[in-house]
Amino acid sequence: MLLSLLCLSLAASPILGPWPSAFPAKALCSNCGLCKSSVGVSSVADACAFLGDGMSRLEKLEPAVHGRGREYEQGDLAEAHFGVHESIKLAAGVGIEGAQWTGVATGVALELLESGAVDAAVVASSSGEAFGGPEPLLCRSGEEILRGRRVKPSLCPSLAVLDEVAADPAITRLLFTGVGCAVQALRAMNGGDPEKALGLEKGGLLVLGTHCVDNSPSPEAARRFVASIPGVGEERAADVTAYEFMADFRVHARVKVEGGGEETVKQAYMTLPPSVGIPSIAPSCFSCFDYTNGLADLVVGYMGAPFEGGKDEMQRAPLMVTVRNERGRGMLDAAVRGGKVRILQEGGRGGAALPSSGSRAAITMKTVAADSMVKSLLDPGFVAGDRGAPAWLGNILAAIIARGLPKGLEFARFSIDYHYLRNRLYVEKEMRGRTGGGERHVPEFAKAIMHRYEEDMAGLRGRGVGGGEKE
Ligand SMILES: Cc1cc2nc3c(=O)[nH]c(=O)nc-3n(C[C@H](O)[C@H](O)[C@H](O)COP(=O)(O)OP(=O)(O)OC[C@H]3O[C@@H](n4cnc5c(N)ncnc54)[C@H](O)[C@@H]3O)c2cc1C
Ligand code: SF4
Ligand code: SF4
């Protein structure tokens, strides 16, 4: 490994071999694209989110990016959960058709490019068909920005376009949109000075992030997942335009219907065959501790926003927007002034003024213990079943469980805690042989979040399953 990294830094040739075996992070590679660019590949040893310090590198970069690191303690974990921020708000995109939700991400990118605040923007486009592979696109027009609409639910090599950026002297200000692992690699490249490596002016890099968790390793894996949803199946898998895991304990899939338009198929999580879970998630995403995209200037996601249920929620529900710093504030203000985004509610620090109810205390460890990956890590003989619950039973169970689930920001905390706990068990095993093991990879803020679950996690490791949780 050491030798191959040394060779990489000397040669600085993009990696063109098969993914993931030809890539330095091997099976854990999230295909972020850094290794696919000449300007980025020489930084891989010090920038890849899955090598060396791994995900813990992000908190070391925060002071340089945001002007300060996260401030948190056990009695106030707001920045441990949501990262360095000035405020968390609810917002909606205005007049953006065909977005994943209401198009806040697309609205911000459109405004920044059309107003000339940036010369170009990177978005995740796709090869055209539903579940076509996500492809990074360096946009110089609003029409191109619109190709970034909607989540393409598999790993996107967003940083592969960095050579195009570096080669164009007309680009001195760039908007990069992407998920946490790619943003980390971008911020860390060239010794933490990506602007110089890319020929941008000082302060010329703006980063718009999305939340991200449990991404699929490939478009095929995402398609197999979608085909397993009752009511979608193989027949309609190619017609699915978007899907999300919602706070009502159901997966919602928007599917094209004959004659135009879309319908939303909603199925309880437990109606899905348990065996589809693990292959639908990339190993990198089982090793990820950057759900809330800590190094972006401005972040959009849905998990902490209120969710009323009903028809067409994804086109109506508010999004949660985290403003991390002055640059992020300027980006959001510009989109609001330009009429492309509307602020629905100011939440202040920690989103303290936003809706949040219930408690994650009772449900988090139960969710961890019931997770297929956790069961397979703790019991080598575990085999996930290949049939889900019948729809009538699954829907009754989902209704009961959803009633006990926390809502709003507390739902976001529940989701973060559960994913970090599961992923900690994963990296403990998968990174066992490395210098520093999984401990080195896991950021301190994630350890602080997991602190309250230590006793139950020890019980889980010891017993194989189970465990309650203490607040
Ligand atoms: C893989 C993935 C998983 C996510 N999981 C969650 C989650 O669990 N909880 C949560 O709160 N939010 C999650 N999000 C964020 C959320 O689904 C929406 O992207 C976000 O809320 C913005 O909605 P929008 O309507 O403003 O997006 P749109 O205006 O439709 O814009 C979509 C944006 O996503 C980018 N994008 C699309 N596909 C990819 C990809 N494969 N890789 C990188 N960027 C991409 C586009 O470039 C564009 O900027 C996830 C996003 C991604 C990409
Ligand atoms: S995650 Fe990115 S930087 Fe790391 S090996 Fe893969 S492509 Fe390279
Ligand atoms: S879950 Fe993490 S590792 Fe996976 S694509 Fe998203 S940010 Fe990258």
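Keep in mind that the model is predicted, so local features need pLDDT of at least 70 and side-chain atom pairs count only at pLDDT 80 or more, while totals for chains, interfaces and linings use all residues. Residues are numbered from 1 along each chain as its sequence is written, chains are lettered from A and ligands numbered from 1 in the order in which they are written, and side-chain values use heavy atoms, with hydrogens and water left out.

Let's start with helix 4, residues 57–66. Helices here are DSSP runs of H or I with at least four residues, strands are runs of E with at least two, and both are numbered from the N terminus. Seven of the ten residues in helix 4 are buried, so the rest of the structure largely encloses this helix. "Buried" means under 20% relative accessible area, "exposed" means over 50%, and "partly exposed" is in between (1.4 Å probe, protein chains only). The buried ones are R57, L58, E59, L61, E62, V65 and H66. They span an arc of only 165° around the axis, which puts them on the same side of helix 4; that arc is taken from the directions from the helix axis to the C-beta atoms. Turn to the face pointing away from the buried side, and you'll find the exposed residues K60 and A64.

What do the buried residues of helix 4 pack against? Their partners are helix 3 (44–47), helix 9 (180–192), helix 14 (326–337) and helix 20 (444–450).

Now for ligand 1. It has 31 residues around it, and T106, R150, K152, Y302 and M303 come nearest; to count, a residue needs a heavy atom within 4 Å of the ligand. Some polar contacts (pairs of N or O atoms within 3.5 Å; within protein, one must be able to donate a hydrogen and the other to accept it, and residues adjacent in sequence count only if both atoms are side-chain atoms) show up here too. An oxygen atom of ligand 1 sits 2.9 Å from a backbone N or O atom of V104. Polar backbone atoms of K152 and S154 each have a ligand nitrogen atom by them, at 2.7 Å for K152 and 2.9 Å for S154. Taken alone, ligand 1 exposes 890 Å², and the protein buries 97% of that; these areas come from the Shrake-Rupley method with a 1.4 Å probe, and for residues only the protein chains shown count as cover. Helix 6 (104–114), strand 2 (120–126) and strand 9 (298–301) each give two or more residues to the shell, and helix 6 gives the most, with three.

Ligand 3 has its own surroundings, including F50, L155, D214 and C288.

Next, look at Q267, in strand 8 (residues 262–268). Is Q267 buried or exposed? It's buried, with a relative accessible area of 11%. Its side chain reaches the backbone oxygen of P230 at 3.0 Å. Leaving aside neighbours within four places in sequence, Q267 is in contact (heavy atoms within 4.5 Å) with residues including F249, R250 and N395.

Last stop: K26, in the loop between helix 1 (2–11) and helix 2 (38–41). K26 counts as partly exposed, at 43% relative accessibility. Beyond its neighbours within four places in sequence, K26 is in contact with P20 and S21.
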